[in-house]
Amino acid sequence: MLAIACTPSITYGAAKCSPVSYRQARSAMTSRLLAAGYSKPQVGFLMRNTDRMTSALRADKLNDKAKACGIDSARAYVLGCLDKQLFPLEANSSSPLDATRQPQGFWGRKRLTERELLYIGHFRACLGAAQKFLFRG
């Protein structure tokens, strides 16, 4: 499932400013995750790490096209991308999403559920797309 997260379709809107703020996108993502069956502890864990990783995106590294939008828009883009990638797959997944695996220390945990790994895989792909299309070097 994680390989699907790396599809090039995540880059479709990279040149556009996000129509919502990061705060709005974060709130919407939190609601979507809870509605999709993620537990409150899972959502808290995922959103804390999402915040940590998106806050590392720096305004001084935005490329010329993204500077007009600003860093908040670039950070919101990551969550917008994630929303478009994660939820169509979530609805059609036949995997037992609460089964646990032991990846090598993803996001500071030794055991993660399939649902957490699905989120993390798509998040990393969207973060990578943002870094490639919205930021310099």
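A disulfide is defined here as a pair of cysteine sulfur atoms within 2.5 Å. The structure is a predicted model, in which local features need pLDDT of at least 70, side-chain atom pairs count only at pLDDT 80 or more, and totals for chains, interfaces and linings use all residues. Residues are numbered from 1 along each chain as its sequence is written, and side-chain values use heavy atoms, with hydrogens and water left out.

The protein chain contains 5 helices and 2 strands. Helices (H or I, at least four residues) and strands (E, at least two) are DSSP runs, numbered from the N terminus. Along the sequence their order is α-α-α-α-β-β-α. The chain has 137 residues, and 43% of them are buried. Buried means under 20% relative accessible area, exposed means over 50%, and partly exposed lies in between (1.4 Å probe, protein chains only). A contact requires heavy atoms within 4.5 Å. Of the contacts between residues at least 6 apart in sequence, 71% join residues at least 24 apart.

The structure holds 2 disulfides. Such a bond is a covalent link between the sulfur atoms of two cysteines. With the bonded cysteines numbered in sequence order, the pairing reads 1-2, 3-4.

The torsion about the S-S bond of cysteine 17 and cysteine 69 is about -80°, so the disulfide is left-handed. Cysteine 17 is partly exposed, at a relative accessible area of 40%. Cysteine 69 is also partly exposed, at 24%.

Another disulfide joins cysteine 81 and cysteine 126, with sulfur atoms 2.1 Å apart. Cysteine 81 belongs to helix α4 and cysteine 126 to helix α5, so the bond ties together parts that are 45 residues apart in sequence. The torsion about the S-S bond of cysteine 81 and cysteine 126 is about -75°, so this disulfide is left-handed. Cysteine 81 and cysteine 126 are both buried. For cysteine 126, the relative accessibility is 0%.

Helix α5 spans residues 114–134 and includes cysteine 126. The C-alpha atom of cysteine 126 is 9.7 Å from that of aspartate 83, a residue 43 positions away along the chain. Glycine 128 is also found in helix α5. Glycine 128 is partly exposed, with a relative accessible area of 32%. Its C-alpha atom is separated by 8.9 Å from that of valine 78, 50 residues away along the chain.

Asparagine 49 lies in helix α2 (residues 40–55). This asparagine counts as buried because its relative accessibility is 8%. A polar atom of the asparagine 49 side chain lies 3.0 Å from the backbone oxygen of phenylalanine 45. The side chain of asparagine 49 also makes a polar contact with the side chain of arginine 52, at 2.8 Å. A polar contact is a pair of N or O atoms within 3.5 Å; within protein, one must be able to donate a hydrogen and the other to accept it, and residues adjacent in sequence count only if both atoms are side-chain atoms.
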